Amino acid sequence: MKLRCAECKKSYSIETGYYTCPGCDGRLEVIYDKNSEIKKESIYPGIWKYISHLPVKGKEVISLDEGNTPLLKVNRKEPEGNFLVKCETVNITGTYKDRPASVGVTKAKELGARGVIVASDGNSAPAVAAYAARAGMECLVLMPQKTPSVRYRQAAAFGARILLIDGTINDCIDLSGQICNSTGFHNCSTTTTFNPYQIEANKTIAYEIFEGMNEVPDWISVPVGGGGLLSGVVMGFKELINSNKIEKLPKILAVQASECAPFVKAFNEEKPISRWNGNCETKAITIALPYPPDGKMAMGYLKETDGFAISVQDEEIINAVDNLSSYNGILAEPSGAVSYAGALKAFRKNIIKPGQSSVSIITGTGLKSMEVFEGLDKKLYHFSNDLEEILEKLK
Ligand SMILES: *Cc1c(COP(=O)(O)O)cnc(C)c1O
């Protein structure tokens, strides 16, 4: 295992613990021996059962038993289609971000960091804060001032200090880098240009899907915010090919909300990704990044799988949320259900063909977004404390 700069191609020992290329400040990649087998070591908790393909020295891992999430077949009103969901909602802080947080905090601890810092307007802050608590490390969180309170309170509950910044998420990300440079804190923001290690954790979703199905699905649909999840999932399948477990990659379906779809736009226009001009007002707030920092890399991976990118309206997203909760018992946040909304749309448009299998990664729990379900209050019924009246009405 070693580090290699994606820009100048210089290699470094993994022991250096570099976060960016010391030569050109480029993004680093973790390179594993080709053909090295992905073996499962069940003595380790959570995602660490795949420790041979995670970028740490081992021994002391910071885990809250993340991963091992349910892979379920979807019950649908309409019978056609072979839809499965990978329910990342059950991770300990409610989203898939627990996987990268586990690797990020483990790495920071291994390297002797004073503490960790994370810029986030959604789920990575609470995740990193939880793992920092577990590791006994200080955690600083940078969030834009308008972040919904449920998200900073969750992080604060884990003992993190919350810095609400009068700026955008992109400003917070920039500041996190600058603060790290002068404090000895390590950056656990989920952008590979800041932290090359955490994205490796997303590969474990691919390993688990393969293990759960014992084959590669035709499609995997993934919401795109920064692009790290999509990239990590493809990296995982590529490693499964390298270790001779599978022969072909699944096609990736990248999904964004129509109100904030810089990645899908670039895919459709076959152009480089540019900053989204609209106001990004969508219910899928945790993926509403006007510019995906890892988008270019993600686009490369998407093309490698011969995949497709599609955007969905908020109405379609809410329908998918409702479909998952009402018919399947799965409570997803809008960003978490975007993947499933996209799969349904791709099926209607015959991009996913009848008979093909698809796995939608349901990335986050609905418990942090209960306002989405306010409309359901009309299903409340008021009664006096009177059995006969209740039985009569229930008829
Ligand atoms: C972060 C996040 C995503 C997107 O992941 P990226 O790596 O930023 O593309 C999707 N869904 C949820 C719930 C998230 O928190």
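C24 is partly exposed, at 38% relative accessibility, where partly exposed denotes values between the limits for buried (under 20% relative accessible area) and exposed (over 50%), computed with a 1.4 Å probe on protein chains only. The structure is a predicted model, in which local features need pLDDT of at least 70 and side-chain atom pairs count only at pLDDT 80 or more, whereas totals for chains, interfaces and linings use all residues. Residues are numbered from 1 along each chain as its sequence is written, and side-chain values use heavy atoms, with hydrogens and water left out.

C24 takes part in no disulfide, and the nearest cysteine sulfur, that of C5, lies 3.5 Å away; a disulfide is defined here as a pair of cysteine sulfur atoms within 2.5 Å. C188 is likewise in no disulfide, the nearest cysteine sulfur being that of C139 at 7.7 Å. C188 is buried, with a relative accessible area of 0%. One disulfide is found in a search of the whole structure. This disulfide joins C260 and C280, with the sulfur atoms 2.4 Å apart. The link of C260 and C280 is right-handed, with 55° about the S-S bond. C260 lies in the loop between β11 (251-257) and α7 (262-269), and C280 in the loop between α7 and α8, so the pair ties together parts that are 20 residues apart in sequence. Both C260 and C280 are buried. Helices (H or I, at least four residues) and strands (E, at least two) are DSSP runs, numbered from the N terminus.

Helix α5 (residues 203-213) is mostly covered, nine of its 11 residues being buried. The buried residues are K203, T204, I205, A206, Y207, E208, I209, F210 and M213. Their cover includes the strands β4 (71-73), β5 (82-87), β10 (219-223) and β13 (357-362), together with the helices α1 (98-110) and α6. N214, which follows α5, has a positive phi near 60°.

The packing of α5 against α6 has an angle of about 55° and an axis separation of 6 Å. Axes are lines fitted to C-alpha atoms, for helices over the stretch in contact, and angles run from 0 to 180 degrees between N-to-C directions. The arrangement makes α5 oblique to α6; angles under 35 degrees count as roughly parallel, over 145 as roughly antiparallel, 65 to 115 as roughly perpendicular and the rest as oblique. The crossing of α5 and α6 is right-handed, a crossing being right-handed if the near helix is turned clockwise from the far one by less than a right angle, and left-handed if anticlockwise. From α5, K203, I205, A206, Y207, I209 and F210 meet L229, G232, V233, M235, G236, F237, E239 and L240 of α6, contact meaning heavy atoms within 4.5 Å. The contact of α5 with α6 comprises 10 nonpolar, two polar and two charged residues. In this classification Ala, Val, Leu, Ile, Met, Phe, Trp, Tyr, Cys and Pro count as nonpolar, Asp, Glu, Lys and Arg as charged, and the others, Gly among them, as polar.

Helix α6 (residues 228-242) also packs with helix α8 (residues 295-304), their axes coming within 9 Å and crossing at roughly 45°. That makes α6 oblique to α8, and the crossing of α6 and α8 is left-handed. In α6, L230, S231, V234, M235 and K238 meet M297, A298, Y301, L302 and E304 in α8. Seven nonpolar, one polar and two charged residues make up the contact of α6 with α8.

A further helix pair is formed by α9 (residues 314-328) and α10 (residues 334-348), which pack at about 100° with axes 8 Å apart. α9 and α10 are therefore roughly perpendicular to each other. E316, I317, I318, A320, V321, N323 and L324 of α9 are in contact with P334, A337, V338, Y340, A341, L344, K345 and R348 of α10. This contact of α9 with α10 divides into 11 nonpolar, one polar and three charged residues.

S176, located in helix α4 (residues 169-183), is buried, with a relative accessible area of 0%. Leaving aside neighbours within four places in sequence, S176 contacts I117, A119, L142, N187, S189 and F194. K40, in the loop between β3 (28-31) and β4, is partly exposed at 45% relative accessibility. Residues up to four places away in sequence not being counted, K40 touches K49, Y50 and E211.
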